[in-house]
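Please open the model in a viewer and keep the sequence panel in view.

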Amino acid sequence: MLKKFRILLIIAVYLIMPETVLAEDIHIALQANKGAQIDLSQGQGYPEFGSVISTHANRDDINQSESRFNSEVRGLGLSDSERQWLNDHPTVSFTGDPNWLPYEAFDSNGNYIGIVSEHLKLISEMTGITFNISRSETWTESTDKAKKGIVDVLSETDDSDLKSYLNFTDSYISNPIVIAMRSSENFVEQVSDIRNRKIALIKDYGYTSKIRRLHSDIKFVSVADIQEGLIAVSTGEVDALLCTLALCSYTITELGLSNVRIVGKTVFDTRLTLGVQKHLPELVSILNKAIKNIRPEQRQAILNTWIGQKITARNDYTLVYQVMAIATFLIAIFVFWNRRLSKEVNYRKTIEKELKSAEEEGRISHQRILLHREQSPLGVIEWNTNFEIVDWNEAAEKIFGFSKEEVVGRHITESILPESAREAVDIIWAKLLAKTGGERSTNENITKDGRIILCEWYNTPLVDQNGTVIGVASLVDDVTERTVAEKIIWKQANFDVLTDLPNRNMFHDRLQHEISRSDRSKLPLALLLLDLDEFKEVNDTFGHDVGDLLLQKAAQRIRSCVRDSDTVARIGGDEFTITLPELQLKLDVDNIANDIIEKLSEAFHIGDEVIHISASIGITFYPTDADSMEGLIKNVDQAMYTAKARGRNCYRYFTQSLQDAAQNRFRLTTDLRGALDAGQLEIYYQPIVELCSGNIHKAEALLRWHHPVRGMVSPVEFIPLAESSGLINSIGNWVFKESALKANDWSNRFESNFQVTVNMSPVQFKVKNEVFKKEWLEYLDKFKLSGDNVVIEITEGLLLNVESEVIDKLLWLRDEGIQVAIDDFGTGYSSLSYLKKFDIDYLKIDQSFVRNLGIDKNDIALSEAIIVMAHKLGLKVIAEGVETETQKNILKQAGCDYAQGYLYSKPIPSDEFETLLETGRHGVQPVGQISKA
């Protein structure tokens, strides 16, 4: 102890004394203490100690001392042959697992460290063997060295599969297999207690097969390594992990997993042993004897060093603390120097703490980055500056089909890059190496099986601490399927599926584009709207499949009539638009429109059917007719409907008068919507006179509109608007109800069989039968009204293409006792069979025939024929538009039953009509030529 104290004292004096003096004293101390077990050549924390000793110590003396020391501690009971073998083989080659801490590993400086390393040092001290460490990069490389005889000794476990290559020593340490779970879990006695939990085992570890055999009823989860397993426990992905105590404890600390702890152990353990080449049996025997001489406290000390704490490369300050104790004793003499030393020590402690903290944060951060890289759905690729692969994750393998082993160290771009993309990639690479920033690109790539895929690349230069580019990191995503899907979605959004023409959305986009071009070129554009005439009849007659084929063929014909720069679009149903940009002459539009009409009028052969159609076309110009897309569309729509109204199979240009008429219709329709509620509508009545008696037996209800600004609006003007807007249903119901009440009232007051004729629009026949019947029937029942007093007047055209809904309503009217009259008879094409089928009661001769009675003998003959025919069928006849005595007399002589016209009275309000009934119901006198209001 006194000798140690002298050495420490001399070292303390070194802090304040010249180096040459101290070196001499240390040399003297070493000469006096040969064989002592204090090794200052490993002076941790103060590297200058080692340099001083190696400079001044007598190496021969040290070697002699070491020789005596070895002979003393080699009391291993070695045989003569074993001693001879040691003399002949002082050096043994050794290797182990390069990354299996705390058991063994090679640190960043290439030093072999860990539990195995510490045991090798003990064995070396006992036997004098020098272990020549052969560093390996992977465990596979280590085992290959052992198999090939490159190394004499391999660190292994007792369950190794290398027994055909090596002989194994006795185990020198046993480590139990423990159970690691989250810190909130209680103590676990045995694995079977948690059989219903999710338990993980590390893949390919020797003890796993033993555990699986014993607990065959448990479905274990496999993890790649200890880090993955413990992180899975920490995140709750698994409930428990089975691993060795040393490995588990060390890794928990390394990963900083504060929520994971060891909660129990299994019946299994892992035994560390040394594998020796089979031609070295003496070495096996020597190692076994050395292993037996390792004391339990020595083994425990080694385990305490590595288990339960984080092991990092750091300086050993033990000697410094001893020196500081001596310096404290001499503080009265060396106050100034001690203060300097204290400050330096504190400074080094602070630096070490900061470095330790930074190292921990960096390690955790690096661990997270590695996990993210491997689990990322994106390919993660690292290149060196020669365009060679340094790293290649699993996602990259899936994208390109090449494994990591196939690409690392290769210029893989030759395999994954088509020739057409290489020039662009070379430009990007040059920018990356020049540190101009990250680069994003999309280009085609080639997979291992030859498929062409489309990839998005995100590339970033990697620089060292000096700012020098050392490589490139790339993220890559296979966007082939997404790109194809986007193209499909875009086409579906912009093109008609049936005809493959642009749809309404694309039409709007292109029309707006052509308007902008027209503004730049100062050349007008024309917009055509085409509607196929009678296309609904084609669908109804031949079916929608034939209709679809007809649309496709029509689209092809239209497209053949225009230029490549023109846009033909299907905007819905049987409507097409044609955009004609940069027109030179209006005549060009005439030619195109005529050509389209002529092409579409040609027969369509679809299957066995021959179909004929025509087209109505509206035309408008930009910028003369409108200065916006919305205005053009509105104008061309008006022009197209004008073409239809003019007989179809033609084209019409938009004019201002069309615009004015459309605006007038719009305003009138808007006003009409509130006319009924505002009390602006009124029913006028025109008497229907029995010719034989001159009495008023009937009246026709005629609707009038008193507009607050326009005054009296003609029914010819507003009735079509009511029909097109659907208002005719509510207005027609109101007219029916009011007329039915008046008919009932006048029947009670004047004549029991008095009737009011109510006009019914064809649009009203399209209302659902249930609604039609229910509303009218409930009204009649509510006021106890008889259907005998109401006559429904329909047009002859309604019977031309009679539909089931029309038939059903006519039959219902007959069943309810409501009589039916056909208006304007003789101007349509109705079949005479319908007159009996639907029990028609009255025919009304159109005033166009009555007007020329007495002048045109043909009209007289026609009127007489209608009267005779009607009477033969049991129908009564009413003549409309009677204005003269001559007309009345001819009709009376021909046997006509009733007359209606200005000869008797114009349509008048209900109160005036009642006065007429009171004063002139019997033998009503003609009122002469009444002005036609």
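Throughout this tour, two residues are in contact when heavy atoms of theirs lie within 4.5 Å. The model is predicted.

**Stop 1: the whole protein.** Of its 933 residues, 46% count as buried. Among contacts in the protein with a separation of 6 or more, 67% are accounted for by residues 24 or more positions apart.

**Stop 2: I792 and its core.** Select I792 and show its surroundings. Leaving aside residues up to four places away in sequence, I792 touches F736, V758, M760, W776, L813, I818, Q819, V820 and A821. Now extend the selection to the largest nonpolar core, which has 74 residues. I792, I794 and F913 are those with the most contacts inside this core. Helix α27 (residues 728–749) supplies the largest share of this core, 7 residues. Apart from this core lies another, of 73 residues; Y103, I177, L287 and A290 are among them. In soluble globular proteins, nonpolar side chains tend to be buried together.

**Stop 3: helix α32.** Select residues 857–872, the 16 residues of helix α32. At 1.5 Å a residue, α32 should span 22 Å, and this agrees with its end C-alpha atoms, which are 22 Å apart. Which residues of α32 are buried? They are D859, S863, I866, I867 and A870. These residues lie on the same side of α32, because they cover an arc of only 95 degrees around the axis. Display next what the buried residues of α32 pack against: β30 (819–825), β31 (842–845), α31 (847–850) and β32 (876–880). Finally, select G874, which follows α32 and has a positive phi, near 80 degrees.

**Stop 4: a pair of helices.** Two packed helices are described by the angle between their axes and the distance between the axes. Select helix α21 (residues 535–542) and helix α22 (residues 544–560), which pack at an angle of about 140 degrees with their axes 7 Å apart. That angle makes α21 oblique to α22. To see the contact, show the side chains of F535, V538, N539 and F542 on α21, together with H544, V546, G547, L550 and L551 on α22.

How values were computed: Residues are numbered from 1 along each chain as its sequence is written. This is a predicted model: local features need pLDDT of at least 70, side-chain atom pairs count only at pLDDT 80 or more; totals for chains, interfaces and linings use all residues. Side-chain values use heavy atoms; hydrogens and water are left out. Helices (H or I, at least four residues) and strands (E, at least two) are DSSP runs, numbered from the N terminus. The expected span of a helix is 1.5 Å times one less than its number of residues. Buried means under 20% relative accessible area, exposed over 50%, partly exposed in between (1.4 Å probe, protein chains only). The arc is that of the directions from the helix axis to the C-beta atoms. A nonpolar core is a set of buried Ala, Val, Leu, Ile, Met, Phe, Trp, Tyr and Cys residues joined through side-chain atoms within 4.5 Å. Axes are lines fitted to C-alpha atoms, for helices over the stretch in contact, and angles run from 0 to 180 degrees between N-to-C directions. Angles under 35 degrees count as roughly parallel, over 145 as roughly antiparallel, 65 to 115 as roughly perpendicular and the rest as oblique.
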